[in-house]
Amino acid sequence: MADPTDPVPPGVTPGMTPDMTYGDAPLHTRMTQFAPHAQALGMTLVSVEKGRGVMTTPWREDLVGDPETGVIASGVVTALLDHTCGLAINSAGEAPIPIATLDLRIDYMRPARPRAGLTCEAHAYRMTRSIGFVRAEAWDEDRGDPVATAQAAFMLNTRS
Amino acid sequence: MSESPFASVDAFLQRVPYARFLGVRVELAGDEMTAVLPFAPHLVGNPVLPAIHGGVIGAFLELTALSQLALAQPGRRVPKTIDITIEYLRSAGPRDTYARAILRKVGRRVANVQVEAWQESRAKPVAGMTGHFLLRNDG
């Protein structure tokens, strides 16, 4: 069972550290404290490297989607996938740029286990001048047995 | 419990802790349902714009689809989401968001549902969604 206080969630190889900087604040600060909804869910950044990021979010009573089983809501999975995809895009470039999600497709393979938190890894596998393409997976205990997978496209540099 | 359509969908939303966490509620005009997501600070994803988190918009669209299915099939078990595709059209500002769903097909086992969300003007949607939902006819 995933322990939300465990710094290394199941399925994640420790070693990478969230010490990349983004703007004037570390990336992990920007991805958590600066995003009120990520903070409200209790998301934490586990690791980041160029074009890849891992984030985790804990199980909580008020985030349950099925009160009969105590399984976390699929909406929380959606938010975690979207947020981690944004992290992967943000870490792919040299400098921080404003981005916008164009579309996000999510396949729900199976419900998470009751009272289990979630971990998500996203990979920005292709970056063009204006578009970033990302794939992501979310799991509860076993990296090889995902709860959901996602495919997303982001528009880059939306302010220019 | 009342058997009215509103009671069945309201009961669905009240039973789901996550729907209460977001603050989602529904309004009915006859058989036409509008889901409402009142703005709240904890829904913000980008405080600079500011904009509601894309994941929140996605979750709201999915809950709208599930509410419309609850309305169409009172008393049935909540369907399981198979897949959703969310299209983001405009940044969702710090305002109330509304959504309506169309049941494009409700088959024996699977439903295809399309949802659109807007804020100030219905003609300027902020996001759309198409999803497939597994219907559970065993209770």
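A residue is buried if 20 or more other C-beta atoms lie within 10 Å of its own. The model shown in these views is predicted.

**View 1. Chain A on its own.** By that count, buried residues make up 46% of the 160 residues in chain A. Chain A holds 3 helices and 10 strands. Along the sequence they follow the pattern β-β-α-α-β-β-β-β-α-β-β-β-β. Take the contacts in chain A between residues at least 6 apart in sequence: 65% of them join residues at least 24 apart.

**View 2. The side of chain B that touches chain A.** Here 27 residues of chain B are in contact with 28 residues of chain A. Four elements of chain B each supply at least two residues to this side: helix 2 (17-22), strand 3 (44-46), helix 3 (54-72) and strand 5 (80-88). Strand 5 of chain B gives the most, with 8 residues. By class, this side of chain B has 15 nonpolar, 8 polar and 4 charged residues.

**View 3. Helix 3 of chain A against helix 3 of chain B.** Helix 3 of chain A spans residues 74-92. Its axis and that of helix 3 of chain B are 8 Å apart, and the two helices pack at an angle of about 150°. Angles over 145 degrees count as roughly antiparallel, so helix 3 of chain A is roughly antiparallel to helix 3 of chain B. The crossing is right-handed. Chain A's residues in this contact include A:Ser74, A:Gly75 and A:His83; those of chain B include B:Gly54, B:Gly55 and B:Leu63. By class, the contact has 4 nonpolar, 7 polar and 2 charged residues.

**View 4. Where a strand of chain A joins a strand of chain B.** One bridge pairs A:Asp107 with B:Asp83.

View 5. Strand 7 (residues 110-118) and strand 8 (residues 125-134) of chain B pair in the antiparallel sense over 9 bridges. B:Val113 stands opposite B:Gly131 in strand 8 of chain B.

Key: Residues are numbered from 1 along each chain as its sequence is written. Chains are lettered from A and ligands numbered from 1 in the order in which they are written. This is a predicted model: local features need pLDDT of at least 70, side-chain atom pairs count only at pLDDT 80 or more; totals for chains, interfaces and linings use all residues. A residue is buried if 20 or more other C-beta atoms lie within 10 Å of its own, exposed if 12 or fewer, and partly exposed in between; C-beta atoms are placed from the backbone. Two residues are in contact if their C-beta atoms, placed from the backbone, lie within 7 Å. Ala, Val, Leu, Ile, Met, Phe, Trp, Tyr, Cys and Pro count as nonpolar, Asp, Glu, Lys and Arg as charged, and the others, Gly among them, as polar. Two strands pair if DSSP finds at least two bridges between them. Axes are lines fitted to C-alpha atoms, for helices over the stretch in contact, and angles run from 0 to 180 degrees between N-to-C directions. Angles under 35 degrees count as roughly parallel, over 145 as roughly antiparallel, 65 to 115 as roughly perpendicular and the rest as oblique. A crossing is left-handed if the near helix is turned anticlockwise from the far one by less than a right angle, and right-handed if clockwise.
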